[in-house]
Amino acid sequence: MTLEQLEAEVLALPKDSQVILLARLLERLGQESGIDQEITASWAEEAQKRDEDMNTNQITGIPAEEVFQRVRASLQ
């Protein structure tokens with residue numbers, strides 16, 4: 001599976017599942033690389049808050065494809 005295929009699968013998940021996945025990834029990265037667990041928890045809380053804000057239309061998101069295009073452009 002390519003990174004692009006994995007990305008597409010993750011983006012196809014419901015938002016709450018994406019948040020849970022993000023929290024688990026951050027937790028695992030924290031365990032493996034010594035990232036402060038307090039920081040990891042803060043990021044997970046922020047992700048949950050942003051998800052709730054998007055679900056209640058308090059904020060508008062940027063389409064993932066646009067974000068990835070910006071990142072790819074900045075890396076070139």
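User: How much space lies in the largest pocket?

Analyst: This is a predicted model, and every value discussed here is computed from it. Rolling a probe the size of a water molecule over the atoms shows where empty space is left. For the largest pocket, the space comes to about 870 Å³.

User: Which residues that line the largest pocket are the closest to its centre?

Analyst: The lining of the largest pocket is made up of 21 residues. By class, 15 of these are nonpolar, while three are polar and three are charged. The closest to the centre of the pocket are Leu11, Lys15, Gln18, Leu22 and Ala64.

User: Which helix supplies the largest share of the lining of the largest pocket?

Analyst: Four helices, α1 (3-12), α2 (15-33), α3 (37-55) and α4 (64-75), each supply at least two residues of this lining. The largest share is six residues, and the helix that they come from is α2.

User: Is Arg28 buried or exposed?

Analyst: Arg28 has its place in helix α2, and its C-alpha atom is separated by 9.6 Å from that of Thr40, which is twelve residues apart from Arg28 along the chain. A residue counts as exposed when its relative accessible area is over 50%. The relative accessible area of Arg28 is 53%, so Arg28 is exposed.

User: How far apart are the end C-alpha atoms of α3?

Analyst: Helix α3 has 19 residues, and at 1.5 Å a residue these should span 27 Å. The separation in the model agrees with that expectation, because the end C-alpha atoms of α3 are apart by 27 Å.

User: How wide is the arc that the buried residues Thr40, Ala47, Asp51 and Asp53 cover around the axis of α3?

Analyst: In α3, the residues Thr40, Ala47, Asp51 and Asp53 are buried. They lie on the same side of α3, because the arc that they cover around the axis is only 160°. On the other side of α3, Glu38 and Glu45 are exposed.

User: Which residue just after α3 takes a positive phi, and what is its relative accessible area?

Analyst: The residue just after α3 with a positive phi of about 60° is Asn57, and this positive value occurs in a residue other than glycine. Asn57 lies in the loop between α3 and α4. Because exposed means over 50% relative accessible area, Asn57 counts as exposed, with a value of 67%.

Methods
Residues numbered from 1 in each chain as written. Predicted model: local features only at pLDDT ≥ 70, side-chain atom pairs only at ≥ 80, totals over all residues. Heavy atoms only, no water. 1 Å grid on protein atoms, 1.4 Å probe; cavity = no way out; pocket = protein on both sides within 12 Å on 5 of 7 lines; lining within 4 Å. Points joined across faces, edges and corners; volume = space filled by probe spheres on them. Nonpolar A, V, L, I, M, F, W, Y, C, P; charged D, E, K, R; others polar. Buried < 20%, exposed > 50% of the residue type's maximum accessible area, 1.4 Å probe, protein only. Expected span 1.5 Å × (residues − 1). Arc of directions from axis to C-beta.
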